[in-house]
Amino acid sequence: MIYILTGPIDSGKTSQMLEIYNNARPGNADGFISAKIYRNNYCIGYEITRLATGQKKLLALLSSAYNNEFEDKFSFGPFIF
């Protein structure tokens with residue numbers, strides 16, 4: 001089964017996906033979440049996490065927080081990917 005969660009900003013999508021994953025039988029689920037990165041209680045970007053391994057990668061940063069973290073980059077709205 002595939003779950004794709006959608007909803008308004010800050011509506012609990014990431015928490016809900018973690019709950020679905022944590023309630024699945026061990027070894028029978030995998031997926032990704034995009035969690036916010038905070039600095040001084042302010043969201044500055046996102047990192048993507050593979051649920052089965054816990055491996056994390058930087059996904060996007062606000063242009064104001066960007067410091068050449070990406071070898072190849074592009075901008076979309078206020079974010080650099």
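This is a predicted model: local features need pLDDT of at least 70, side-chain atom pairs count only at pLDDT 80 or more; totals for chains, interfaces and linings use all residues.
Trainee: What relative accessible area does Asp 30 have?
Mentor: Residues are numbered from 1 along each chain as its sequence is written, and side-chain values use heavy atoms, with hydrogens and water left out. With a 1.4 Å probe and protein chains only, buried means under 20% relative accessible area, exposed means over 50%, and partly exposed lies in between. Asp 30 is therefore partly exposed, and its relative accessible area is 39%.

Trainee: With which residue does the side chain of Asp 30 meet in a salt bridge?
Mentor: A salt bridge requires a side-chain nitrogen of Lys or Arg within 4 Å of a carboxyl oxygen of Asp or Glu, and the N to O distance for the pair of Asp 30 and Arg 50 is 2.5 Å. The pair links distant parts of the chain, 20 residues apart, with Asp 30 in the loop between α1 and β1 and Arg 50 in strand β2. Elements are DSSP runs numbered from the N terminus, helices being H or I of at least four residues and strands E of at least two.

Trainee: How many salt bridges does a search of the whole structure find?
Mentor: Lys 56 and Glu 47 meet in another, at 3.7 Å from N to O. For the whole structure, the search gives a count of three.

Trainee: Which strands are the edge strands of the sheet?
Mentor: Strands count as paired if DSSP finds at least two bridges between them, and strands of a sheet pair through backbone hydrogen bonds, either parallel or antiparallel. Here an open sheet of five strands has antiparallel pairing in the order β1-β2-β3-β5-β4. Each edge strand pairs on one side only, and these strands are β1 (32-39) and β4 (75-76).

Trainee: Which residue in β5 is the bridge partner of Leu 61?
Mentor: Strand β3 (residues 56-62) and strand β5 (residues 79-80) run antiparallel and are joined by two bridges. For Leu 61, the bridge partner in β5 is Ile 80.

Trainee: How many residues make up the largest nonpolar core?
Mentor: A nonpolar core is a set of buried Ala, Val, Leu, Ile, Met, Phe, Trp, Tyr and Cys residues joined through side-chain atoms within 4.5 Å. Ile 80 is one of the members, and Ile 44, Leu 61, Ala 65, Tyr 66 and Phe 70 also belong to it. Contact means heavy atoms within 4.5 Å, and, not counting residues up to four places away in sequence, Ile 80 touches residues including Leu 61, Tyr 66 and Phe 70. The size of the largest nonpolar core, in residues, is six.

Trainee: At what angle do the planes of the rings of Phe 74 and Phe 81 lie?
Mentor: Rings of Phe, Tyr and Trp (its six-membered ring) pair if their centres lie within 6.5 Å, and planes under 30 degrees apart count as stacked, over 60 as edge-to-face and the rest as tilted. By this rule there are four aromatic pairs. The ring centres of Phe 74 and Phe 81 are 5.2 Å apart, and the pair is stacked because the planes lie at 10 degrees.

Trainee: Which residues do ring pairs link into a cluster?
Mentor: Phe 74 counts as exposed because its relative accessibility is 51%, whereas Phe 81 is partly exposed, with a relative accessible area of 25%. The cluster linked by ring pairs consists of Tyr 46, Phe 74, Phe 79 and Phe 81.
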